[in-house]
Structure formats: C-alpha cells, structure tokens
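Here is a short briefing on one protein chain. Look at the sequence and the 3D structure first, then work through the points below.

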Amino acid sequence: MQSRAKRSTRSTIRDVAKTRMGRRPIADRQPGRITGRGNVLVTGGAGFIGSHLVGRLIRNGHKSITILDNLSRGRTENLAAAWDSIRFVKGDIRDQETVARLMKGIDLVFHLAAQSNVIGAIQDVDYSSSTNIVGTAVIMQAARAAGVRRLVFTSSREVYGDPSNLPVPETAPLIPKNAYGMSKVAGEMCCTMSAGQPPETAILRLANVYGSRDYGRVIPLFIESALDGRPVTIYGGNQILDFIHVDRVVDALVKVGCGDHVAGPVNVGSGKGTTIVQLAERIFKLANSHTKIAWQPGREAEVTRFVADTARGRIHLGLEHPDDPLSRLPELIAWSLSQAAPVSRGIAV
Ligand SMILES: NC(=O)c1ccc[n+]([C@@H]2O[C@H](COP(=O)([O-])OP(=O)(O)OC[C@H]3O[C@@H](n4cnc5c(N)ncnc54)[C@H](O)[C@@H]3O)[C@@H](O)[C@H]2O)c1
C-alpha cells in the first residue's frame with residue numbers, strides 16, 4: 001500500500017473563514033513582546049493542544065489567527081467555539097507553496113503540527129519523519145523568508161530517551177529511543193539552524209499532556225476502559241511519567257510566544273512522577289469502576305521514566321504547577337462522560 005508520505009502532500013486548501021489579515025501594525029514589528037495585534041499562524045491547530053491554544057489566544061484578544069492542519073489526527077469540531085474568529089486552512093506543512101503563502105505577514109508561528117505519538121511514528125516512519133523533520137524545515141525556512149519574528153516549536157520529553165537520573169534537566173543528553181523522539185531532536189535542530197538570525201525560536205519539551213479533546217493516549221484510553229468496564233492494558237508496568245494538564249501547557253506556549261524571548265529549550269512538565277499503576281488506580285477510583293488491569297510485556301520503544309526538572313521553566317517563564325499534577329482528572333472524566341461516543345481511533349500512547 002502506498003504510504004501517506006508518498007502521496008502528494010498538496011492538499012486542497014479550504015479557507016473557510018477569513019479574519020482581518022491586513023498589514024501588520026507597526027507596533028507589532030518591534031522587538032520584544034507580541035501583542036494581540038500580531039498575526040499568528042498555528043500549525044496543528046485542530047489537534048488536542050493546538051485547539052486549546054487557539055481558544056486561549058482568542059480569549060487573550062488575538063484578532064488574526066490562521067490555522068494550518070491536514071486533519072490527519074485533528075478535528076474541526078475541536079475548533080467549533082473558535083470558528084468565527086479564525087481562518088482555517090486544510091493543508092499540509094510539507095506543501096511549500098501553501099506554507100509560503102500562509103506565512104506572508106505572520107509575526108508569530110506556533111508550530112505544533114506533527115505525527116504526535118510514539119506508536120504512530122513507529123508504525124509509519126516515512127510519514128512521521130517527513131512531517132516532523134521535513135515539515136518543520138519547510139515551516140522554519142518559510143518563516144525566515146517571510147520575516148516572521150518568532151517561532152515556537154513543541155518538542156517532547158521523548159528527546160531524552162530513558163534518562164539515567166530524575167528529574168531531567170534540559171542539559172541532559174539527547175538519546176531518543178524511538179523514531180518519534182529522533183524526529184523531535186531533528187525538529188529542534190531545524191529550529192536552531194542559523195541561530196541568531198530571525199525568527200527568534202523557542203523550544204518547549206512537553207511531558208505527558210492530558211485534558212479534553214485528546215484520544216488514543218494513556219489517560220483517555222484508561223478513562224474509556226474504566227467507564228466501559230473493560231480491562232485496562234498496561235505494558236510493562238514500571239513506567240514513571242510526568243503528567244501535566246493542557247491548560248498549564250497553553251500557559252507556557254503563550255508566555256514563550258508572546259512574552260520576552262527565551263532562547264534554548266524549556267521542559268514543560270509538572271516536576272512530579274506518577275507510576276502507571278498509580279494512574280490506573282486513581283482513574284478506577286474516580287470513575288467508580290471495578291475493572292482490572294490486563295498486563296502485557298513492556299514495549300521496547302517506549303520510554304519508561306521521565307520527570308521534568310522544571311527550574312528553567314519557573315525561572316524564565318514563571319511556570320507554577322499544582323502540588324497534584326492529576327488534580328484535573330475528575331473534570332476530564334466528567335467531560336468524557338458527556339461525550340456521545342468516545343473518540344477512540346486507535347492507540348496512540
Ligand atoms: N500530547 C502530548 O502529550 C505531547 C507531548 C509531547 C509533545 N507533544 C507535541 O505537541 C504537539 C501537539 O500535540 P497534540 O497532542 O496536540 O497532537 P495532535 O495529534 O492532537 O495534534 C497534531 C495536529 O497536527 C496535525 N498534523 C499532523 N500531520 C500534519 C501535516 N503533515 N500537516 C499539517 N497538519 C498535520 C494533526 O491533524 C493534528 O491536528 C505535537 O508537535 C506533539 O508532538 C505532545
């Protein structure tokens with residue numbers, strides 16, 4: 001079967017809503033902070049984190065937001081509340097013509113579009129590499145050519161692989177364990193090539209993010225199983241992960257995008273470790289579920305331990321985290337119950 005990457009990356013462009021994308025206000029071309037008057041491009045804006053970011057940008061008064069997403073994993077429903085305030089373009093970040101066209105007049109790029117999970121990346125290395133590496137290079141090159149002021153890249157804790165010590169500072173060695181982590185290291189390289197020339201780039205290394213609109217990852221999968229009374233599958237069982245609510249990640253994205261420039265990568269995690277078994281038991285209790293754990297052997301490519309050292313994020317971005325990183329689980333379970341049918345389209349973890 002022909003791989004997705006080998007098919008044409010030229011997608012039909014569907015500008016379904018237009019915003020006032022006029023000339024850039026003079027004030028927004030000056031160095032420093034980027035105000036609501038700047039023109040913003042969000043790649044991957046129809047996805048889990050991207051759609052939450054777009055909602056926040058609108059609430060913060062941003063008037064000109066363009067979203068580029070090929071809807072391979074994102075959904076326009078995620079943008080329902082934002083629809084009248086955005087310009088949505090269905091297209092691919094690897095399509096140089098589309099990207100160059102959209103980049104004109106943009107001040108700030110949040111580059112989130114990616115093959116966003118480990119299992120998916122391993123199953124289709126061609127697509128994940130071309131999207132996460134070539135796509136990022138296309139975005140970066142077009143941003144430079146168009147005179148974009150700042151570009152924010154969402155990297156991942158996966159760049160560290162299985163670190164020897166916890167918590168993990170940004171200076172830890174980058175030894176990715178799988179195709180996804182490798183593609184994020186390469187994506188970071190694309191963003192830092194010719195550092196010193198515009199655009200300013202900022203890199204956030206996200207831990208395990210949770211919240212509404214996500215699907216196929218560990219927390220939504222556990223919640224779905226608990227609510228349906230189906231056994232929860234755990235691979236291995238020794239994993240220690242760092243979970244952070246999507247609202248805290250959006251705080252970090254907005255600060256690093258619109259505030260003073262922070263050079264160099266910043267971890268975005270809670271700084272607290274949760275074992276996978278603790279997570280499952282907590283979800284069972286909250287969902288009032290008597291379901292069981294189905295044990296499976298660990299999956300070789302999966303990172304088994306990560307807790308972020310959050311000092312840099314605290315110092316440079318003022319990021320603060322609640323004592324309990326999973327305090328928003330009850331709200332997420334309530335949201336999951338309110339959905340007509342679970343959005344379970346394959347495992348993504
Ligand atoms: N969710 C997490 O726990 C997590 C952790 C670390 C890093 N990240 C990174 O954060 C970013 C956002 O993640 P997310 O959880 O919202 O993932 P997501 O899959 O929900 O969103 C990614 C979006 O990118 C779009 N996309 C994929 N390939 C594309 C392409 N070739 N052209 C245009 N659009 C494309 C998808 O349709 C989707 O809407 C990603 O870069 C991901 O790698 C996420």
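Predicted model: local features only at pLDDT ≥ 70, side-chain atom pairs only at ≥ 80, totals over all residues.

Where is Pro 167 found? Pro 167 sits in the loop between strand 5 and helix 5. The protein has ten helices and 13 strands.

**Overall build**

- The protein has 349 residues, and 49% of them count as buried.
- Take the contacts between residues at least 6 apart in sequence: 82% of these join residues at least 24 apart.

- Most residues other than glycine have a negative phi, and most peptide bonds are trans.
- A cis peptide bond also runs from Pro 198 to Pro 199, with omega near 0°.
- Pro 199 is placed in the loop between helix 5 and strand 6 (200–206).
- Leu 71 is not a glycine, but its phi is positive, near 60°.
- Leu 71 belongs to the loop between strand 2 and strand 3 (87–90).
- Leu 71 counts as partly exposed because it has 13 C-beta neighbours inside 10 Å.
- Asn 288 also has a positive phi, near 55°, in a residue other than glycine.
- Asn 288 lies in the loop between helix 8 and strand 13 (293–296).
- Is Asn 288 buried or exposed? Asn 288 is exposed, because 9 other C-beta atoms lie within 10 Å.

**The shell around the ligand**

- The ligand has 28 residues around it, and the nearest are Gly 44, Gly 47, Gly 74, Ala 114 and Ser 116.
- At least two residues of the shell come from each of helix 1 (48–59), strand 2 (64–69), helix 4, strand 5 (150–156) and strand 7 (208–210).
- Helix 1 gives the largest share, three residues.
- By class, the shell holds eleven nonpolar, 13 polar and four charged residues.

**Helix 4 against helix 5**

- Helix 4 (residues 125–146) packs with helix 5 (residues 179–192) at an angle of about 10°, and their axes are 9 Å apart.
- The angle is under 35 degrees, so helix 4 is roughly parallel to helix 5.
- On the helix 4 side, the contact includes Val 125, Ser 128, Ser 129, Asn 132 and Ile 133.
- On the helix 5 side, the contact includes Ala 179, Tyr 180, Ser 183, Lys 184 and Ala 186.
- The contact of helix 4 with helix 5 has nine nonpolar, six polar and one charged residues.
- An α-helix has 3.6 residues a turn, so residues three or four places apart point the same way.

**Nonpolar cores**

- In soluble globular proteins, nonpolar side chains tend to be buried together.
- The largest nonpolar core has 85 residues, and Val 109, Leu 204, Phe 222 and Val 249 touch the most other members.
- Helix 7 (residues 246–258) gives the most to this core, with seven residues.
- Not counting residues up to four places away in sequence, Val 109 touches Leu 41, Ile 139, Ala 143, Val 148, Leu 151 and Val 152.
- Another core, of five residues, lies apart from the largest one, and its members include Val 118, Ala 121, Ala 179 and Tyr 180.

**Helix 6 and its cover**

- Helix 6 (residues 218–228) is mostly covered, with nine of its eleven residues buried.
- Among the buried residues are Val 218, Leu 221, Phe 222, Glu 224 and Ser 225.
- The cover over these buried residues includes strand 7, strand 8 (232–235), helix 8 (276–286) and helix 10 (329–338).

- Val 232 is part of strand 8.
- Why does Val 232 count as buried? Val 232 is buried because 23 other C-beta atoms lie within 10 Å, and the cut-off is 20 or more.
- Leaving aside neighbours within four places in sequence, the contacts of Val 232 include Phe 222, Ser 225 and Ala 226.
- Val 232 and Lys 292 are 60 residues apart along the chain, yet their C-alpha atoms are separated by 6.3 Å.
- Thr 154 is part of strand 5.
- Thr 154 is buried, with 26 other C-beta atoms within 10 Å.
- Not counting residues up to four places away in sequence, Thr 154 touches Leu 112, Leu 204 and Leu 206.

Note on methods:
Residues numbered from 1 in each chain as written. Axes fitted to C-alpha atoms, helices over the stretch in contact; angles between N-to-C directions. Helix = DSSP H or I, 4+ residues; strand = E, 2+ residues; numbered from the N terminus. Parallel < 35°, antiparallel > 145°, perpendicular 65-115°, else oblique. Contact = placed C-beta atoms within 7 Å. Nonpolar A, V, L, I, M, F, W, Y, C, P; charged D, E, K, R; others polar. Near = placed C-beta within 6 Å. Buried ≥ 20, exposed ≤ 12 C-beta atoms within 10 Å, placed from the backbone. Core = buried A, V, L, I, M, F, W, Y, C linked by C-beta atoms within 7 Å.
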